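Walk me through this structure, please.

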Amino acid sequence: MIRLIWKRLLQLIPTVLIVLSVTFVITRIIPGNPASVLAGPEADPRLIAELEAKMGLDKSIPEQFLIYVSDIFKGDFGTSLNYNEPVFQLILSRIPKTLMITFTGLIVALILGTLLGTVSALRQNSWIDHFCTVFSLLGASLPVFWIGIMSIFLFSVKLGWLPTMGMGSIQNGLGDVLSHMLLPCLCLSLAPMATFARTTRSSMLDTVNNDYIRALRARGLKERKVIWKHAFKNALPQIISVLGVQLGICFSGAILTENIFSWPGMGTMISTAINTRDYALIQGAILTLAVVNVAVSLIMDIIYMLINPKIKI
Amino acid sequence: MKRKEKISSEAVMTSAELLKKEQKVNSFWKKFVRNKSAVVGLVIVGILVIMALFSSVLSPYDPEALDLKNKLLTPFSPGHLFGTDEFGRDLLSRIIYGSRMSILIAAGSSVVGCLIGMVIGILAGYCGGVVDSVLMRIVDGLFAFPSILLSIVLVTVLGNGALNVILALGISAVPKFARVVRGQFTVLRNEEFCNAERVLGASHFRLAVVHILPNAISPIIVYFTLNIASAILSEAGLSFLGLGIIAPTPSWGNILRAGNAFLYNKPHLAIIPGIFIFLAVLGFNLMGDGIRDALDPKMKQ
């Protein structure tokens, strides 16, 4: 087991290297030399050359890559042109807010989705099973940003129940923040919830018809215990393996959803950065999200290895 | 004499293959049609393709023609079934032309992603060993980026426009295809029929492309169809963020982006494009699921 985890950790090195090279390449092929952009239009060529030397742009590409990587490990992601602040600081202040809605959305999706999937597997062909099938289809096809817009239209414009913009303030009490979080989280959770429901349903259907479940029932074990302690345990590895993939989808969804709800996280920052061509910020933000994604899928994989009795060495 | 024999045996082979193929198509089609939701998907996709192909005939107005006297009309206004936008452009015409953009980008990017992914997957799966490890680590690296992020990055680098969006979404789809194809090839290359071909002296290229690929094609077709659905979503998402297809060229995403600003007074400008995005994605998803069930019921994941 330990060896497997080590092997998985070693696989991480090339992945991170690829991620770094992709973000490095972006800065090298974007239109416009960063030095001349910084110096402004009609700048003295000597000033540009000086800036190039200062930014290390006169060195060879492999050297530049090494400098880039070592800067990143020092926490130096460059300076945002737009905010005129270190990119690292900006990301640090924004990423907790994005993680807040992605993780809450994912947890909501996990709980409701597995519940729906389990119930519909146990009552095959009942109304709840049909609902589950339709729901998992809709959830996979509805555009998350459109659902966001429609929920604003319904709950904020028409009914006036919930606030539309921002994340509220903790000074106004926890309720303020929670009411701002409710719609973004629900929108985000829809697509993963559909996937969880579908996965749980199919893997529960595979297990509940097994002989050992029938044997447990015959021995007079409580139904609740049979389902949650024995059948669900076998469906769990499948759900965990889906969880890792869903996180990436949630991140993608968060970038779009944040823009609709003006949630002050990474997504709104990235879209501002895109509109102002703030390349240092785009690069830093994307690198951070990719690394977070890699880290969480690593944790998921390790949990999967620990939880799945079929993997044993 | 020898040559004649070879030709005749080839002719027999092809006719036998043709017969087999025909039977396969027939049974596939029958299975597909028996599945109601698959047929619904096919109908939706069919309507979309007709909309995309005959946009210029079907749309009542020029999608980019301004008419400032008739701006922000509500749906069912005379002459404008879906109303007009903030510049008086006919929404129905813009939606119809938007379908052309969506289908073009979704299909184009799926072709790009599928082809590159297939090359990587075939090389990795067939060669195995070091080639496999190196290629798959690269794919893992690409997979680390949440998909929309990778497309955002690529469009930012490449610039806006349909062709660049096709490239960006195509490259973002590569990891998925590469993994599927590789998975098939690692299993199939050790099958009995491959060993037989190897003993008969088939070249690596022939073995991989002529013998293994046809056996691996079912999941590729399914992924291709499902990828069109997710590419429609991604394209809409990109245009919604203001990347990719830039107004006045209509795309469902940028119509929705523009409509979002009028949510309070003219909600139809945001509701209608969203419904079309949803229906298109639903159609391709249903069709993809239908193809999967008809090709191989065991493939369900």
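In helix α5 of chain B, the buried residues are D132(B), L135(B), M136(B), R137(B), V139(B), D140(B), G141(B) and L142(B). Buried means under 20% relative accessible area, exposed means over 50%, and partly exposed lies in between (1.4 Å probe, protein chains only). Helices (H or I, at least four residues) and strands (E, at least two) are DSSP runs, numbered from the N terminus. This is a predicted model: local features need pLDDT of at least 70, side-chain atom pairs count only at pLDDT 80 or more, and totals for chains, interfaces and linings use all residues. Residues are numbered from 1 along each chain as its sequence is written, chains are lettered from A and ligands numbered from 1 in the order in which they are written, and side-chain values use heavy atoms, with hydrogens and water left out.

How far should the 15 residues of α5(B) span? At 1.5 Å a residue, the answer is 21 Å, and the end C-alpha atoms are 21 Å apart, which agrees. The expected span is 1.5 Å times one less than the number of residues.

Now take helix α6 of chain B, residues 147–158. Its 12 residues reach 16 Å from first C-alpha to last, close to the 16 Å expected. This helix is mostly covered, with 10 of its 12 residues buried. Among them are I148(B), L149(B), S151(B) and T156(B). Just after α6(B), G159(B) takes a positive phi of about 100°.

S109(B) sits in helix α4 of chain B, residues 91–127. Why does S109(B) count as buried? Because its relative accessibility is 1%. A polar atom of its side chain lies 3.2 Å from the backbone oxygen of A106(B). Leaving aside neighbours within four places in sequence, S109(B) is in contact (heavy atoms within 4.5 Å) with I166(B), L169(B), G170(B) and A231(B).

Next, look at where the chains meet. Here 45 residues of chain A are in contact with 40 residues of chain B. The buried area is about 3600 Å², and carbon and sulfur atoms give 79% of it. Buried area is the accessible area (1.4 Å probe) that two parts lose on being put together, summed over both. S141(A), F145(A) and W146(A) supply 15% of the area that chain A buries against chain B, more than any other three residues.

One salt bridge links the chains. It joins D289(B) to R198(A), with the closest N and O atoms 3.7 Å apart. A salt bridge is a side-chain nitrogen of Lys or Arg within 4 Å of a carboxyl oxygen of Asp or Glu.

Notes: A polar contact is a pair of N or O atoms within 3.5 Å; within protein, one must be able to donate a hydrogen and the other to accept it, and residues adjacent in sequence count only if both atoms are side-chain atoms.
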